[in-house]
Amino acid sequence: MATKNQSLGEFIIEHQAAFPYSSGELSRLINSIRLAAKMVNHEVNKAGLVDITGSIGEINTQGEDQQKLDVFANDTFIRTLTNRQIVCGIASEENDDFITIEGNDGNHASKYVVLMDPLDGSSNIDVNVSVGTIFSIYRRVTPPGTPVQLEDFLQPGNQQVAAGYIIYGTSTMLVYTTGHGVNGFTLNPALGTYYLSHPNMQFPEDGRIYSVNEGNYVHFPQGIKDYIKYCQKEEGDRPYTSRYIGSLVSDIHRNMIKGGIYMYPKSSKASNGKLRLLYECNPMAFIAEQAGGKASDGHTRILDLKPEELHQRVPFICGSKNMVEKAEQFIQRIP
Ligand code: AHG
Ligand code: MN
Ligand code: MN
């Protein structure tokens, strides 16, 4: 039973036994993530005071400008997870290839791999708007004790054992699922402790918020254009409200609490949209479904897509169940 105001540490211990194959390893892994998130939170909070905003002048593997905080967050999560030897491999949006982690004795004892977007919404850092971290955890499929392989990371999202995000917002929250619903913990910065503030989070079945970068409207497929016009039409409980932060974590977090739909569709400029299947869409889809919401690429459930490469992008429609189903109807009407 999730008890409000319980600390995250207490919650993890209480729920450890509920995991299949539980050996405490997954609990220790989530513990390491919450620790790294505290360090990133501390740094994010100092943005503007110390020289941590702005670009480092380098382009990441996907042709995107790396921000100083992208690099800081990436290094912090990788260092924390590596030092504790709590995973056998890490794949990050900021790295070309996955990282193999060996135990002290040269073996690869841990059974979990982590995939992450260490800093999501990084273009918002310099203007003091919420950013986040997204993580996704799988059990390796290759034999324990051997170096991890690409196939350990290219598993469909329906194989995730846990996923979550941290939102560095007006307060800092860690929201995660291990496949038994979604719980949100708020950081008390004075104590450095996360407390259960949002037990059993649920996406309202219907919502009145749509979130999409409408600046790309002319490049969208006709089905998406038609759905946007549907959202704006005066009829019943419409027009809906438009809200778009430009930070996936923040947009989904708000929509999960208030009810809404988030869309990053394909366009004539980007045939698979922008968001990455492994680091962004799969973990958010797992959380959305665990909260009673839905996530698809317009045709197929996100969690059933078979990844082909680490940095693969897919169109992403995610949110309140009835809204996503309505958007899918528009998309599937017009190819
Ligand atoms: P990241 O900062 O990890 O590269 O992710 C940014 C993503 C996502 O968070 C956000 O929803 C989207 O990019 C915004 O893209 P546009 O500026 O194209 O709308
Ligand atoms: Mn991102
Ligand atoms: Mn990022």
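This is a predicted model: local features need pLDDT of at least 70, side-chain atom pairs count only at pLDDT 80 or more; totals for chains, interfaces and linings use all residues.
Residues are numbered from 1 along each chain as its sequence is written, chains are lettered from A and ligands numbered from 1 in the order in which they are written, and side-chain values use heavy atoms, with hydrogens and water left out.

Q: Which residues are the protein donors of the manganese ion (ligand 2)?
A: Donors are N, O and S atoms within 2.8 Å of the metal (3.2 Å for Na, K and Ca); water is not among the atoms, so sites may look incomplete. The protein donors lie 1.9 to 2.2 Å from the ion, and they are Asp 117 (OD), Asp 120 (OD) and Glu 280 (OE).

Q: Which residue bridges the manganese ion (ligand 2) and the manganese ion (ligand 3)?
A: The two manganese ions lie 3.8 Å apart. The residue that bridges them is Asp 117.

Q: Is Glu 280 buried or exposed?
A: Buried means under 20% relative accessible area, exposed over 50%, and partly exposed in between (1.4 Å probe, protein chains only). Because the relative accessible area of Glu 280 is 2%, this residue is buried.

Q: How many Å separate a polar side-chain atom of Lys 274 from an oxygen atom of ligand 1?
A: For Arg 276, a polar side-chain atom lies 3.3 Å from an oxygen atom of ligand 1. For Lys 274, the value is 2.9 Å.

Q: Is Val 127 buried or exposed?
A: Val 127 has 54% relative accessibility. Therefore Val 127 counts as exposed.

Conventions
A polar contact is a pair of N or O atoms within 3.5 Å; within protein, one must be able to donate a hydrogen and the other to accept it, and residues adjacent in sequence count only if both atoms are side-chain atoms.
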